[in-house]
Amino acid sequence: KNQVEQSPQSLIILEGKNCTLQCNYTVSPFSNLRWYKQDTGRGPVSLTIMTFSENTKSNGRYTATLDADTKQSSLHITASQLSDSASYICVVSAIVQRMRFGAGTRLTVKP
Amino acid sequence: DTEVTQTPKHLVMGMTNKKSLKCEQHMGHRAMYWYKQKAKKPPELMFVYSYEKLSINESVPSRFSPECPNSSLLNLHLHALQPEDSALYLCASSQGGGGNGYTFGSGTRLTVV
């Protein structure tokens with residue numbers, strides 16, 4: 001069983017709408033949690049990174065939350081744009097060099 | 001410079017060819033990584049170099065051979081690949097083993113014919 005589970009697997013929304021992506025993890029011990037945006041055929045680009053003591057982090061229209069007690073994170077996208085169409089990957093790090101990747105949520109924003 | 005640069009961006013090679021993928025960073029990062037990513041799947045870790053020494057090999061077949069000539073460069077030598085090795089190969093670097101400043105390159109799209 002993957003230690004990082006994301007939902008939904010895919011999502012279609014209309015331009016201008018908001019959406020929220022979910023990430024649940026069992027990785028332990030916990031070091032940090034990152035959200036990445038990945039366009040098809042390109043490398044992942046970091047959106048946010050949160051450590052144990054942080055519960056909210058914003059980057060423009062992207063806001064990530066973290067509940068380290070329940071081991072849940074969410075990524076909220078406000079006023080979506082066509083360019084937001086991509087895969088969003090949740091990545092959780094333990095203390096050492098390994099990062100655990102979620103399978104990603106494929107977001108499609110339609111005009 | 002806050003980028004990880006990968007070359008080439010695209011590569012098509014035959015099963016008998018020998019080729020190399022290159023990765024370069026000038027952020028002073030001391031850990032560098034190779035990942036393989038198939039379509040619609042998350043990246044899978046292949047190798048980790050820490051302070052120019054191979055620290056993790058995720059049981060990768062010997063037809064993939066990593067090399068770290070110095071702290072800024074990471075190569076992946078390819079030989080006798082199979083069509084199922086076609087994928088996006090991603091390089092990443094970080095300040096240390098804890099993953100601070102973790103940055104991905106744009107990847108090399110490899111097609112084995």
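The model is predicted, so local features need pLDDT of at least 70 and side-chain atom pairs pLDDT 80 or more, while totals for chains, interfaces and linings use all residues. Side-chain values use heavy atoms, with hydrogens and water left out; residues are numbered from 1 along each chain as its sequence is written, and chains are lettered from A in the order in which they are written.

**Surroundings of S72(B)**

- S72(B) counts as buried because its relative accessibility is 19%; buried means under 20% relative accessible area, exposed over 50%, and partly exposed in between (1.4 Å probe, protein chains only).
- Leaving aside residues up to four places away in sequence, S72(B) touches C23(B), E24(B), Q25(B), H26(B) and M32(B), contact being heavy atoms within 4.5 Å.

**Interface of chains A and B**

- In the interface, 22 residues of chain B are in contact with 17 residues of chain A.
- P42(B), Y102(B) and F104(B) supply 28% of the area that chain B buries against chain A, more than any other three residues.
- The two chains bury about 1500 Å² between them, 50% of it on carbon and sulfur atoms; buried area is the accessible area (1.4 Å probe) that two parts lose on being put together, summed over both.

**Salt bridges**

- Over all chains the structure holds five salt bridges, each a side-chain nitrogen of Lys or Arg within 4 Å of a carboxyl oxygen of Asp or Glu.
- E54(A) and K57(A) meet through their side chains at 3.3 Å, N to O; E54(A) is partly exposed at 25% relative accessibility, and K57(A) is partly exposed with a relative accessible area of 25%.
- R61(A) and D84(A) form a salt bridge at 2.8 Å, N to O.
- This pair links distant parts of the chain, 23 residues apart: R61(A) is in the loop between β6 (56-59) and β7 (62-67) of chain A, and D84(A) in the loop between β8 (72-77) and β9 of chain A.
- R61(A) is partly exposed at 24%, whereas D84(A) is buried at 1% relative accessible area.
- R30(B) and E52(B) form a salt bridge, with the closest N and O atoms 3.4 Å apart.
- R30(B) is partly exposed at 29%, and E52(B) is partly exposed at 33%.
- Salt bridges that share partners join K36(B), R63(B) and D85(B) into one network.

**Pockets**

- The largest pocket has a volume of about 570 Å³; a pocket is an open set of points, on a 1 Å grid over the protein atoms alone, where a 1.4 Å probe fits, with protein on both sides within 12 Å along at least five of seven lines, and lining residues have an atom within 4 Å of a point.
- Its lining has 22 residues, of which S87(A), A103(A), A39(B), K40(B) and K41(B) lie nearest the centre.
- The second largest pocket holds about 360 Å³ of space, a volume being the space filled by probe spheres set on the points, which are joined across faces, edges and corners.
- The second largest pocket is lined by 19 residues, with P44(A), V45(A), F104(B), G105(B) and S106(B) nearest its centre.
- β1(B) gives the most to the lining of the second largest pocket, with three residues.

Terms used
Helix = DSSP H or I, 4+ residues; strand = E, 2+ residues; numbered from the N terminus.
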